[in-house]
Amino acid sequence: MKKYILSAIAACAIIPVMGAIPVYLDDSRPIEERVEDALGRMTTEEKVAMLHAQSKFSSAGVPRLGIPEFWTTDGPHGIRPEVMWDEWEQAKWTNDSCTAFPALTCLAATWNPDMSLLYGKSIGEEARYRKKDILLGPGVNIYRTPLNGRNFEYMGEDPYLAGEMVVPYIKGVQDNGVAVCLKHFALNNNEVNRHTTNVVVDNRTLYEIYLPAFKKAVQEGKAWTIMGSYNLYKDQHACHNQYLLNDILKGEWGFDGAVVSDWGGTHDTDQAIHNGLDMEFGSWTNGLSNGASNAYDNYYLANPYLDKIRKGEVGTEELDDKVHRILRLAFRTTMDRNRPFGSFNSPEHLEAARKIGEEGIVLLKNDRSLLPLDLSTPKKVAVIGENAVKMMTVGGGSSSLKVRHEVSPLEGLKRRLQGIADVSYARGYVGDPTGEYNGVTTGQDLRDDRSPEALMAEAVDLARNSDYVIFVGGLNKAAGQDCEDSDRSGLGLPYGQDALIEALAKANPNLVVVNVSGNAVAMPWVGEVPAIVQAWFLGSEAGNAIASVLTGDVNPSGKLPMTFPVRLKDVGAHALGAYPGVKRVDSPIVDLEYKEGILVGYRWADTKKVKPLFPFGHGLSFTEFTYGNPVADKSVMTDSDTISISLDVSNTGRTAGAETIQLYISDPKSSVIRPDKELKGFQKVFLQPGESKTVRFSLNKDDLSYFDAERHEWVAEPGVFIAKIGASSGDIRKTIKFKLK
Ligand code: BGC
């Protein structure tokens, strides 16, 4: 009864005096004043209702006050099709087929922050048009092992690259009045046992490798929400984790947004109240499969929380802080009257998807300048492989989409080569003929009952009778490959592709292998194949982007955002047996110690002198670039200085093209272990043939520092540092030394 009287009093308080606008609705007032005003008008019940989901993807607003609901959507490559209110079933809308943008590994491979801004702007417009307020993405978990099924949704192995690339994405999305939900915070670096893995990592590694991209996204990108991850850290689930959420995120970094749980990542009311969670979603599901219906009132932050408040077991300080953050989110999104209306499936979005794809494709190898295809005389082109025809936008877990259209590599090549070359296709192998995810079907029938031998024989025969062979294979989005909720079982290509590629290489010397994946794969045939292209998952415009690069309409300029190792054992985590962890006796918890510490990716390969198959930052072009000698504006810098290093880069080939110049820092003498080198700057320059440009890098003390866990601060030790400037971590062209006083 008391509850209703209180609600009624609160309700009366807002009946507006004629003409006066309540403060919370007055957008000329600062957001913080509006938040305080709205908070003061709300009942405890209304506040608690805002803390948890009301459907699979939405949470409540305050209907009485006209504060709208929040609608979330996956993320991060396109806008997820509508599911039922309370089920994972498709709602069967006919207006929700979106544009699929390339996967985030591809975006990272562009090494171009302008592409990231374009990506964010475009997907933000799609989200806004679909009336979504929170986009569940982007992800910046570090690529620790090539087995992680979700690496394709992240931005590679280097914290600096991921940090530089995530910031413009966030700006692009949030300029639409749509919040990003940065994920998955933190240490969610593999999928196997993702709900039960307790990550054990030293503080130096945490601060140097796994946190910087998140920190940049929060402090420079100003992300409005962040998603807690499924795993545990220090024995607490990351969705309600004192250390990660209260101490670091909200404490050290001053995050003023809302922490959103991953779907089914909340496990305990007390921890959820006290350890930094603000909005609870998807409880009783694992985010992918069915959970109980109508369970929302029973969420950890629903009635159980209300009961505790009513019984006086907890106060309302935490509640007010959570609602404060959620209201701030409302004023930034749903209650921003000036936010744009968005747009959906526009030609500009398709154009953006194609452009990002073209810039992210990496030319790994190009012996005899086999590429671009020589089309000066009519040619017979054999296209072989399942990934030349298989739709890749359906599958892979929560990032699965329903698209307006998807151009396959075969279609893209056929279109581009029409009238110029005779294109024939052979499947070569059968991998994953299914094409359904969460009720969305590709409509493709990829069943083929022929034996592997027959499929191979047909492909080899076609290869023999062609001028060029373009094999399009790699991984796909089926479970156990590039897919959420499972990891890969090994580094090798599945479905007997290695044997097929070897047979094709024998049948025709003009073989191009196009590897479609979000992960590094082993290439035991690397010496026998003259041209290799890394094509990622490219979304709606996949085939057009691939055709542009193979034909030379676009000069490739992508660079690897991760190391391609020769063998799994060449990766630190696997060399040390530090994956997937050790299960505790009598408990489902798996302790996973990051034994390789800071030596992740190229930091491991370069420091331990393990030669990779293709190094981090590698990517060829159809033209040549030469690097001039670097010049520094000083030879000695102090703690408060910056040092500026510049060099000229010239296009000495015959085609216009772009080069990403990378600057790595080495501290050759240090009291603690330092990696052989660490990326601290990069710049992508576009150059006409014969053109030169001056590239400038600026470094300060932070770029020279390591994290001293004992002192809990960044430390740069005085002495000599070397700036290593190159075309990849394995191709350093110039070095320059300087001193820190
Ligand atoms: C995934 C999240 C996703 C959520 C909602 C979870 O399974 O881990 O990344 O945003 O589901 O679909």
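Strand β24 and strand β29 (residues 719-728) pair in the antiparallel sense over five bridges; pairing requires that DSSP finds at least two bridges between two strands, and strands are DSSP runs of E, at least two residues long, numbered from the N terminus. In this pair, Ile-665 stands opposite Ala-723 in β29. The model is predicted: local features need pLDDT of at least 70, side-chain atom pairs count only at pLDDT 80 or more, and totals for chains, interfaces and linings use all residues. Residues are numbered from 1 along each chain as its sequence is written, and side-chain values use heavy atoms, with hydrogens and water left out.

β24 also pairs with strand β25 (residues 678-687), antiparallel, through nine bridges. There, Gln-683 of β25 is the bridge partner of Ile-661. In a regular strand the side chains alternate between the two faces of the sheet. In β24, Gly-657, Glu-659, Ile-661, Leu-663 and Ile-665 point one way, while Ala-658, Thr-660, Gln-662, Tyr-664 and Ser-666 point the other way. Because 10 of the 10 residues of β24 (residues 657-666) are buried, the strand is largely enclosed by the rest of the structure; buried means under 20% relative accessible area, with a 1.4 Å probe and protein chains only.

Another sheet is open and has five strands in the order β8-β7-β5-β19-β18, with mixed pairing. β8 (236-237) and β18 (582-583) stand at its edges with a single partner strand each, so one side of each has no neighbour in the sheet. β7 (residues 232-233) pairs antiparallel with β8 over two bridges, and Tyr-233 stands opposite Gln-236 in β8.

The ligand site comes next. The ligand is surrounded by 16 residues, the closest being Asp-74, Arg-150, His-184, Asp-262 and Glu-484; a residue counts here if one of its heavy atoms lies within 4 Å. An N or O atom in the side chain of Glu-484 is 2.7 Å from an oxygen atom of the ligand. For Tyr-230, the corresponding separation from a ligand oxygen atom is 3.0 Å, and a polar side-chain atom of Arg-80 lies 3.1 Å from one. The protein covers 100% of the 310 Å² of accessible area that the ligand has on its own, by the Shrake-Rupley method with a 1.4 Å probe.

His-184 lies in strand β4 (residues 179-185) and counts as buried because its relative accessibility is 1%. Its side chain makes a polar contact of 2.8 Å with that of Tyr-154; such a contact is a pair of N or O atoms within 3.5 Å, where within protein one must be able to donate a hydrogen and the other to accept it.

Terms used: Helices (H or I, at least four residues) and strands (E, at least two) are DSSP runs, numbered from the N terminus. Buried means under 20% relative accessible area, exposed over 50%, partly exposed in between (1.4 Å probe, protein chains only).
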